[in-house]
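Trainee: Could we go through this structure together? I'd like to take the overall picture before the details.
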Amino acid sequence: MALVLGAAVFAVTFFTYRADIREARARVSTGSTLVQTRCGLIEYAAIGHGPPVLVIHGAGGGYDQGLEFARALTSAGFRVIAMSRFGYLRTPLPENASAAAQADAHACLLDALNIPLAAVVGLSAGAPSSMQFALRHSDRCDALVLVVPAAYVPRPGGTAPVHPAPATEFLFETALRSDFLFWAATRLARSTVVRGLLATPPTVVENASPDEQARVAEIMEHILPVSARRGGLLNDAKVTSSLERYDLERITTSTLLISMADDLFGTFEIARYTAEHVPRARFISYPSGGHVAVGHQPEIMSEIAAFLKTSRAQ
């Protein structure tokens, strides 16, 4: 009897996973365009009309993560251009996948789309290349927004190493190695995934509204297929573990930084430090919400839209 029950559970699990991963692969197989640029192939998607906003996704993302985050900007009159960074989905991982090289690829994408000037929104691990874009291509950067940014902050001893939390390291070495393991983790160890990958205190999600709980669940679900993002994840780990201080004082564009005090990736201090050294920077902070800004998404998008409109008017 136990054997039969075990076989039934396995069958249900297997077929549920197959259906879910098939849906995830179908979701990212449409809605984007692969364009040849001077810097190689780059995947992107664009929605809306108006001044262009280039959205640079975070770790575990792709063009889809960028669209999901910034879609509300289209209602504010902006054209959102979301691309897949090196190693994510259909954008290849080149030999040189540094933040500087990725910043140059951002410029190459704008060239291919005949866009001379754009605002840039960098999310989490998308911040290093966004900051490099503002430094290396300042004449192309209309405004800069950094949300829960991965960047340098002084630490004891004068160095800035980033040591992932134990839960993050565990997930990186296990669940993020395969689609099935990650799928299983989101169902059997959801709190571990929320804490380790979304860097958000699980209690913050548990106490959130049903709509916010659904948004967090969607963020987790849309990391699938993780196999199509593994190269980018590995490269992000390499880049963010060896971040150096950029010449922040040379970032001349208007800059907005946003973070939550309880972000388990520690971006609150990073954002505050960056805002203190970028000449035309403003820092917006919230006491809670974790890395995915639970409870603050509509407010954050309103702040970004207002900032971008003000920046264009200057």
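Trainee: What share of the contacts in the protein with a separation of 6 or more comes from residues 24 or more positions apart?
Mentor: Bearing in mind that this is a predicted model, residues 24 or more positions apart account for 76% of the contacts in the protein with a separation of 6 or more.

Trainee: And how many helices and strands does the protein have?
Mentor: There are 12 helices and eight strands in the protein.

Trainee: Switching to helix packing, at what angle do helix 3 and helix 4 pack?
Mentor: Helix 3, which covers residues 99–112, packs against helix 4, residues 127–136, at an angle of about 70 degrees, and their axes are 8 Å apart. The two helices are therefore roughly perpendicular to each other, since angles from 65 to 115 degrees are counted that way.

Trainee: Which hand does the crossing have, and which residues make the contact?
Mentor: Helix 3 passes helix 4 in a right-handed crossing. On the helix 3 side the contact is made by A99, A100, Q102, A103, D104, H106, A107 and L110, and on the helix 4 side by P128, S129, Q132, F133 and R136.

Trainee: How do those residues divide into nonpolar, polar and charged?
Mentor: The contact of helix 3 with helix 4 has seven nonpolar, four polar and two charged residues.

Trainee: Where does R85 lie, and is R85 buried or exposed?
Mentor: R85 lies in the loop between strand 4 (79–83) and helix 3, and R85 counts as buried because its relative accessibility is 5%, where the cut-off for buried is under 20%.

Trainee: Which residues is R85 in contact with, leaving aside neighbours within four places in sequence?
Mentor: With those neighbours left aside, R85 is in contact with I56, H57, G58, A59, T91, Q102, H106, A125, G126, S129 and D236. Among these, Q102, H106 and S129 also take part in the contact between helix 3 and helix 4.

Trainee: New topic: where is V292, and how far apart in space are V292 and M260?
Mentor: V292 is in the loop between strand 8 (281–286) and helix 12 (297–313), and V292 is buried, with a relative accessible area of 12%. V292 and M260 are 32 residues apart in sequence and 8.8 Å apart in space, C-alpha to C-alpha.

Trainee: And what does V292 contact, leaving aside its neighbours within four places in sequence?
Mentor: Apart from those neighbours, V292 is in contact with L198, T200, R215, V216 and I219.

Conventions: Residues numbered from 1 in each chain as written. Predicted model: local features only at pLDDT ≥ 70, side-chain atom pairs only at ≥ 80, totals over all residues. Heavy atoms only, no water. Axes fitted to C-alpha atoms, helices over the stretch in contact; angles between N-to-C directions. Helix = DSSP H or I, 4+ residues; strand = E, 2+ residues; numbered from the N terminus. Parallel < 35°, antiparallel > 145°, perpendicular 65-115°, else oblique. Left-handed = near helix turned anticlockwise from the far one by under 90°. Contact = heavy atoms within 4.5 Å. Nonpolar A, V, L, I, M, F, W, Y, C, P; charged D, E, K, R; others polar. Buried < 20%, exposed > 50% of the residue type's maximum accessible area, 1.4 Å probe, protein only.
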